[in-house]
Amino acid sequence: MTTPGMVFLFPGQGSQKVGMGRALAERWPEARAVFEEADEALGFALSKLCFEGPEAELTLTANAQPAILTTSIAALRVLAKETDLRPAALAGHSLGEYSALVAAGALRLADAVRVVNLRGRFMQEAVPAGVGAMGAIVGIGPAEIEAVCAEAAAASSGELCSPANFNGGGQVVIAGHRGAVERACAAAKARGARMAKLLAVSAPFHCALMQPAAERLQAELARIEIGALSAPVIGNVEAAPYLDAGRVRALLVKQVTAPVRWEESILYLASRGFTSAVEVGAGNVLGGLVKRIAPAFVVRAAGEPEAIQTLRQPAVAIQSAAAGGSQEAQHRHG
């Protein structure tokens, strides 16, 4: 029986850190060229911000989003040069979906970095500072979380609260008006949640409060060309592959206000027989999430030179090692 191949996963906002991509750019001209293309497309030195900071500026939503995307594509280009790994399917968490679409050929890098820079600004400007909030809840089911969100919103006329990220492993992030999110967290604790707390974020992403950002993003996406996909990309909105390039714009717009269905996306891939993935870009947050959702998955980091060097063996060998590791992971997790 043949394995279905390798999944490429791309991180979203929150994975940024000062120094990201620097070692790749110093060692490989392919990575350096990606940062140069992003700098030119944006009209400012994104590369310097990634490599040197300052952190406060890098973490601004409008900067973090193109920084993460650019670092992911730099790592992708190095992977293509140094290994024979090629994606049989791709998925990205929130912003990471843009990286996946670049990797699949649907978006050009220059277009993508410009769009996500604007996307970040639009999202930041959609809600005045202090009006919205996000909270992380762990330990109660999605249906209960939807119920506490609805109750929290109903308790105050005009306030909104809804699930924003179904991250898996029992973790759901909620978003909306600050008061409603605080009430939902309190109600979740009363129902037995192990954790329910506000997150240190700058805006309430992936909820209806982002509608102004979605409308502005729609106009920008209408200006860029969408190409054919070279491999299936699992979209956040539907937790299923894009069936054709013609749906890319509409789903990217909807993604701004719709919850990220990450758990369902990974379960979809697992149901198709995938067990091996590389996390392409800064950090390894997605690897931890994936392991809690589908223990048979083995996710290897591919964002630093040392990690990429460990992948410099034939893809069949990587997948074989991953298959063996997945059995061990299943045993450890019961």
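**View 1. Helix 7 passes helix 10 in a right-handed crossing.** Welcome to the first close-up of this predicted model. The axes of helix 7 and helix 10 (residues 211-221) come within 8 Å and cross at roughly 160°. Because angles over 145 degrees count as roughly antiparallel, helix 7 is roughly antiparallel to helix 10. On the helix 7 side, the contact is made by Val-115, Leu-118, Arg-119, Arg-121, Phe-122, Met-123, Glu-125 and Ala-126. Helix 10 answers with Pro-212, Ala-213, Arg-216, Leu-217, Glu-220 and Leu-221. Sorted by class, the residues of this contact between helix 7 and helix 10 are 9 nonpolar and 5 charged, with no polar ones.

**View 2. Helix 12 packs against helix 13 at an angle of about 65°.** Here the axes of helix 12 (residues 262-271) and helix 13 lie 10 Å apart. Look for Trp-262, Glu-263, Ile-266 and Leu-267 on helix 12, in contact with Leu-286, Leu-289, Val-290 and Ile-293 on helix 13. The contact of helix 12 with helix 13 has 7 nonpolar residues, 1 charged residue and no polar residues.

**View 3. The largest pocket holds about 680 Å³ of space.** Its lining is built from 29 residues, and those closest to the centre of the pocket are Gly-12, Gln-13, Gly-14, His-93 and Val-201. By class, the lining of the largest pocket comprises 12 nonpolar, 15 polar and 2 charged residues.

**View 4. A cis peptide bond joins Gly-53 and Pro-54.** Most peptide bonds are trans. At the bond between Gly-53 and Pro-54, omega is about 10°. To find your way there, follow the loop between helix 3 (46-52) and helix 4 (55-58), where Pro-54 is found.

**View 5. Ser-94 has a positive phi.** Most residues other than glycine have a negative phi. For Ser-94, which is not a glycine, phi is about 55°. You will find Ser-94 in the loop between strand 2 (87-92) and helix 6 (96-103).

Note on methods. Residues are numbered from 1 along each chain as its sequence is written. This is a predicted model: local features need pLDDT of at least 70, side-chain atom pairs count only at pLDDT 80 or more; totals for chains, interfaces and linings use all residues. Side-chain values use heavy atoms; hydrogens and water are left out. On a 1 Å grid over the protein atoms alone, a cavity is a set of points where a 1.4 Å probe fits but cannot get out, and a pocket is an open set with protein on both sides within 12 Å along at least five of seven lines; lining residues have an atom within 4 Å of a point. Grid points are joined across faces, edges and corners, and a volume is the space filled by probe spheres set on the points. Ala, Val, Leu, Ile, Met, Phe, Trp, Tyr, Cys and Pro count as nonpolar, Asp, Glu, Lys and Arg as charged, and the others, Gly among them, as polar. Axes are lines fitted to C-alpha atoms, for helices over the stretch in contact, and angles run from 0 to 180 degrees between N-to-C directions. Helices (H or I, at least four residues) and strands (E, at least two) are DSSP runs, numbered from the N terminus. Angles under 35 degrees count as roughly parallel, over 145 as roughly antiparallel, 65 to 115 as roughly perpendicular and the rest as oblique. A crossing is left-handed if the near helix is turned anticlockwise from the far one by less than a right angle, and right-handed if clockwise. Contact means heavy atoms within 4.5 Å.
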